[in-house]
Amino acid sequence: MTTLTASIDCESYRVTDQHFGAPYIDLDEERETPVPHRQIHGGFADCDTRFTFYFPPKDQWQGRLVMPMEGAHAGHEDFFGGALGEAMGGLPLTARVGGYMVETNMGHIGDDIDAKGGEDATLYGWRAAVEGARFSKYVARQVYGVEPHHSYVWGGSGGGRRSPLVLENAPDVFDGAMPFMGGGDVRPFPATERIKGAQVMSFACMFNVQRLLRDPGTASRLIDAMQPGGTGNPFEGLDTHQAEELASLYRQGFPHGNEFMIFTPMGQIWLWSSIADLLVEQDPTYFDDFWTKPGYIGHDLPTAVERDVIDVRTTVSRVVTVRDLLTDPAFEAPEYMMTKTMAGLMAGEAGMDMAYAIEVKGLPEGYRLGAGLQLTSGEAAGRQLYAISTVGDLFACDGHGEANLKRFEGVKAGDEIHVDNRKFLAFCYFHRHHLMEDAQFDSLRHDGQAIYRQHPVPLMSPLMGVSYTGHYAGKLLWMQHTHDSSLWPGQGLIYRDAVMATGGPDFAADHYRLQWTQNAEHIPPSYLPNGPTRATATWLIDYFPIIEQGLADLISWTEGGEAPSNTAFEWVDGQVKLPASASARGGIQPVVSVTADGGVRTHVAAGDQVQLVVDTEVPPHAGTIVSVEWDWDGSGSFPFQHEVTGRDTALTLQASHVYDTSGTYFVTARVRSQRDGDASQVHRLITNVASARIVVS
């Protein structure tokens, strides 16, 4: 890397938004990885807003600004320049679509608010991003000689939440947006209030189902029933209360076929840890009423919760760093995988010596996930954290504000700690008592009246920004995943409805598209543990190539008028239903179906040959099929690949396999298409999967 001597002039730039002081640059270097670029880092005086600009060489730049937006609460201006951001595409993707990349920390550092901005959600929702983008154009004129001719913003999860806000509120800066996995409430333009997030209530219900059904036999039976060739009855063997909560989960929109993720919490538990204190602050009476008043499970049906209560004052046995988790043989067992994966991701931000977890020995069984851990002595006395991952005596934790930044920094073995999960157990029924107007919650009403006693719907952290309005001038391509357990599919309909209400059908036809990505989770399967009977990659796909193709399609639409296709669908009882044929479905993803001996389930004797068929078709104008692979046994290895020409838009292919050992196997076909039919291409390979069940005796 080379430090540049030709400095960027900042002095003549005048901020548009007076929250921001004068811009400054504290790093300006030529770098060669991951692709050659000039990296400029800085911020705005008198506030916490920071930015990083990544400028590819002038002869590679095609005149575009591309701003990816970090998920969750954001708070980092270098996420997409790091390893995880690069896995999502990052700078190499930006360069491939002809752009330079802009990142901001959305006006705050880590999970803490800006002291100057306070709780002004407009700052964190869009204003910091917009001022950073404006300044980047000023810098681009000095780097390239001209400003970008078009600008685009995209992001998923929290980034999908905020990218439409940027397009809505800065029509002079951005021309197009591509949110994926977004969600939030809707208010008239211009929205200035913090959002009310349905995910809070949705996750509460999901955690309650996890808690109630966590017995290994019960959980396995539920997962198996909803896999290909299963009974299709998820309620078999459940008691009345368990069945009631599972039915509520489905009606609120949790996707069929991804039940494994109910028992594998990811970002959902982070949301609890980041807003638990805010929920109690906004509605303290609920967390008392739940245990003490009629109309709440804690009072009326204590048997549903009492066996899970933990309320113990004890001491810390050991402080565990990220390095400890990744190198200590004590944490080699498979059950530590998820904790280690998340710790490894955190190490990219905070370093290997971050005090990420603690061990607390001698606790009763109870329900440990989500439990509050408050230090009551030592250097960190008073710090409140919440368990985001637990294995035995190990508690990995996160929290709000300073607690998010420090975790267990300053904690020592022997420090006193209060472990109390009563707030979380009350939270498990939060969905009953905090109903939004969204149709998602209609099953918790009768004739318009709430079934259970109600409390005010809480506001999300101001770091999540403000409400959607559906009021914008550019192009917006929305992508939503059918198997997302963090932002459930129904969240993808909220913005569609806002656009229709604000602009009407004619505006939507010219400015809005919705595409569903089938069999996609919140994060790709490579970051998830495998299921008990099959690899995650046999029912979930890597959606990052779809994101890149979508961004390219958004650019073609905005600059050339080539509008992408919507995905046709029905919304039935909280579930997305997609047409069976690619021509009827639309979108860009191949449609795949698999049969074994003519059905989705077959029973054979060991040594018998099973006849397999895969039918696949690519939607119109979405390219051709460039690969078809088989995984025989659910291992996720895909050892067999058909020979294909790369010219076909539809194929029916046959294969056979012999199973020599008794057991249950999920055979899976994985199909990839490519817009130009280029089988040698490694980018924009659009994937889908389908499976059948084979029972061998």
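Me: In which loop of this predicted model does proline 190 lie?
Reply: The model is a predicted one, and a cis peptide bond, with omega near -5°, leads from phenylalanine 189 to proline 190. Most peptide bonds are trans. As for its place in the chain, proline 190 lies in the loop between strand E8 (176-180) and helix H5 (198-212).

Me: Which residue is joined to proline 34 by a cis peptide bond?
Reply: Proline 34 has its place in the loop between strand E2 (23-31) and strand E3 (37-44). The cis bond there has an omega of about 0°, and the residue that it joins to proline 34 is threonine 33.

Me: What is the value of phi at methionine 181, and is the residue buried or exposed?
Reply: Methionine 181 is found in the loop between E8 and H5. Its phi is near 60°, a positive value in a residue other than glycine, whereas most residues other than glycine have a negative phi. Because buried means under 20% relative accessible area, methionine 181, at 2% relative accessibility, counts as buried.

Me: Where does alanine 74 lie, and is it buried or exposed?
Reply: Alanine 74 has a phi near 65°, which is positive although the residue is not glycine. Its place is in the loop between strand E5 (64-69) and helix H1 (83-87).

Me: Which residue forms a salt bridge with arginine 187?
Reply: Side chains of opposite charge can pair when their charged atoms come close. The closest N and O atoms of the pair are 2.7 Å apart, and the partner is glutamate 193.

Me: How many residues apart are arginine 432 and glutamate 245?
Reply: The side chains of arginine 432 and glutamate 245 meet in a salt bridge, at 3.0 Å from N to O. This pair links distant parts of the chain, with arginine 432 in helix H15 (residues 430-433) and glutamate 245 in helix H7 (residues 240-251), and the separation is 187 residues.

Me: Which parts does the salt bridge of aspartate 328 and arginine 318 tie together?
Reply: The closest N and O atoms of aspartate 328 and arginine 318 are 2.9 Å apart, in a salt bridge. Because aspartate 328 lies in the loop between helix H11 (322-327) and helix H12 (337-350), while arginine 318 is in strand E10 (residues 318-321), the pair ties together parts that are ten residues apart in sequence: that loop and strand E10.

Me: How many salt bridges does the structure hold?
Reply: Some salt bridges share partners, and in this way Asp17, Asp120 and Arg127 are joined into one network. For the structure, the number of salt bridges is 31.

Me: In what order do the three strands of the open sheet stand?
Reply: The edge strands, each pairing on one side only, are strand E22 (591-596) and strand E27 (650-658). From one strand to the next the twist averages 15°. The pairing is antiparallel, and the order is E22-E24-E27.

Me: Which residue in E27 is the bridge partner of valine 610?
Reply: Strand E24 (residues 609-617) and E27 run antiparallel and are joined by nine bridges. For valine 610, the bridge partner in E27 is histidine 657.

How values were computed
Residues numbered from 1 in each chain as written. Predicted model: local features only at pLDDT ≥ 70, side-chain atom pairs only at ≥ 80, totals over all residues. Heavy atoms only, no water. Helix = DSSP H or I, 4+ residues; strand = E, 2+ residues; numbered from the N terminus. Buried < 20%, exposed > 50% of the residue type's maximum accessible area, 1.4 Å probe, protein only. Salt bridge = Lys/Arg side-chain N within 4 Å of Asp/Glu carboxyl O. Pairing = 2+ DSSP bridges. Axes fitted to C-alpha atoms, helices over the stretch in contact; angles between N-to-C directions.
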